[in-house]
Amino acid sequence: MTVTAWVAVIVFAATYVLIASEKVHRVKAALGGAAIMLLVHATAAGSAFFSQESGVDWNVVFLLLGMMIIVGVLRQTGVFEYLAVWAAKRARGRPFRLMVLLLVITASASALLDNVTTVLLIAPVTFLVCERLALPVAPFLIAEAMASNIGGTATLVGDPPNIIIASRAGLTFNDFLVHLAPLVIVLTAVFIGLCRLLFRKAFRYDPERAAEIMQLDERAAIQDKVMLVQSLSVLGVVIAAFVLHPVLHYEPSVVALLGAGLLVLVTKITTDDALREVEWPTLVFFAGLFVMVGALVETGVISQVSRAAAEATAGRPGVTTMVLLWASAGLSAIVDNIPYVATMSPIVADLAQHVPGDHNVLWWALALGADLGGNATAVGASANVVILGIAERNGARISFWQFTKYGLVVTVVTVALCVPYLWLRYLM
């Protein structure tokens, strides 16, 4: 590697250590790392801001922006308070039952919406219901972020890496549904069982608070019925457009921005109020992270590492698939699964031409490794970063290691379960 490539590696590693150690706020670390990458010419403005391969993924940034605005408007209708009381009453105040209900909702919604949108919708509900029941909110938020990543694996629109894979491999919405959804159902059930063990200390039942919850009328929480109807109508159109992406050919970011603009236009909410709900630090963090990873792409670091692994297993479908699965899980946890998949997709496309058998098994291994590997660390997936940002904004800060100590366990178990599935269905 060149001197610039080594400098890029050192800068990235140092930035990641700062983020993980929390000695410096993650936004400061990401912006500082991005600035140094530009300063040492590891990347340039054209590549950092305009390149599809190594620049900021504006589709992700504007998808987040649009959905944050939509969720912000929805929040003012009182619908989240309604859902919080409804969920708590359905669970009869039992903490684990409540978590199961929230996780099933999160995983299911993530398959149709996308995981980032889902956590934006479910997080406010979680804060409200945990406050009502005097429960620690962090375990619920962490579990929901992971459930969103698992559920989002099931469909083309569920997780941003899947959209990249589908575009490169020519896979359809139904391809993901048929090949990955059955496995995701099993993984979700296993994950819920893990949560019973991992978060057992959080399940403190308070009979008095549970009794108070059962006396509440969730319908009284709705503050503006007209705005609620308008917001849900727009959200319904946005969801439909996400699902119909293969037909309409509108990028999710465009759909989200159009939905946000329409919602601000038809409701009485002001522009200032709408923009006030946006998690700006989260968007800036993503931009800085994309620039840093793009620098590794531009200097050839990621390509060299990936190609070395691919060449070492070329011609052996079983070994290639397993290495790709586990390597994707590990690397996605470090560099964020979106830029990782964007970098690996052309390599997998080339590799598929030299491996006998069903070439799509490599794409499924990439999708499963990247999507599930995103659970391993607090910066492995977009949903994780968004959850951390929301938690911090609401005074319930979740540390990098608090998330990661649970994420590593969940990732190892879920990825391990993918091994027999891929082997028996595609490699036997």
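Is Thr267 buried or exposed? Thr267 counts as buried, because its relative accessibility is 8% (buried is under 20% relative accessible area and exposed over 50%, with partly exposed in between, using a 1.4 Å probe and protein chains only). This is a predicted model, in which local features need pLDDT of at least 70 and side-chain atom pairs count only at pLDDT 80 or more, while totals for chains, interfaces and linings use all residues. Residues are numbered from 1 along each chain as its sequence is written, and side-chain values use heavy atoms, with hydrogens and water left out.

**Around Thr267**
- Thr267 sits in the loop between helix H14 (252-266) and helix H15 (271-276); helices are DSSP runs of H or I with at least four residues, numbered from the N terminus.
- Its side chain reaches the backbone oxygen of Leu263 at 2.7 Å.
- Leaving aside residues up to four places away in sequence, Thr267 touches Val73, Met227 and Gln230 (contact means heavy atoms within 4.5 Å).

**Helices H4 and H16**
- Helix H4 (residues 58-75) packs with helix H16 (residues 280-298) at an angle of about 175 degrees, and their axes are 10 Å apart.
- That makes H4 roughly antiparallel to H16 (angles over 145 degrees).
- From H4, Val60, Val61, Leu64, Leu65 and Met68 meet Trp280, Thr282, Leu283, Phe286 and Phe290 of H16.

**Confidence**
- The protein chain averages a pLDDT of 87, and 98% of the residues score at least 70; pLDDT is the predictor's confidence in each residue, from 0 to 100.
- Among the elements of the protein chain, helix H8 (residues 137-152) has the highest mean pLDDT (96) and helix H17 (residues 301-313) the lowest (70).

Terms used:
Helices (H or I, at least four residues) and strands (E, at least two) are DSSP runs, numbered from the N terminus. A polar contact is a pair of N or O atoms within 3.5 Å; within protein, one must be able to donate a hydrogen and the other to accept it, and residues adjacent in sequence count only if both atoms are side-chain atoms. Axes are lines fitted to C-alpha atoms, for helices over the stretch in contact, and angles run from 0 to 180 degrees between N-to-C directions. Angles under 35 degrees count as roughly parallel, over 145 as roughly antiparallel, 65 to 115 as roughly perpendicular and the rest as oblique.
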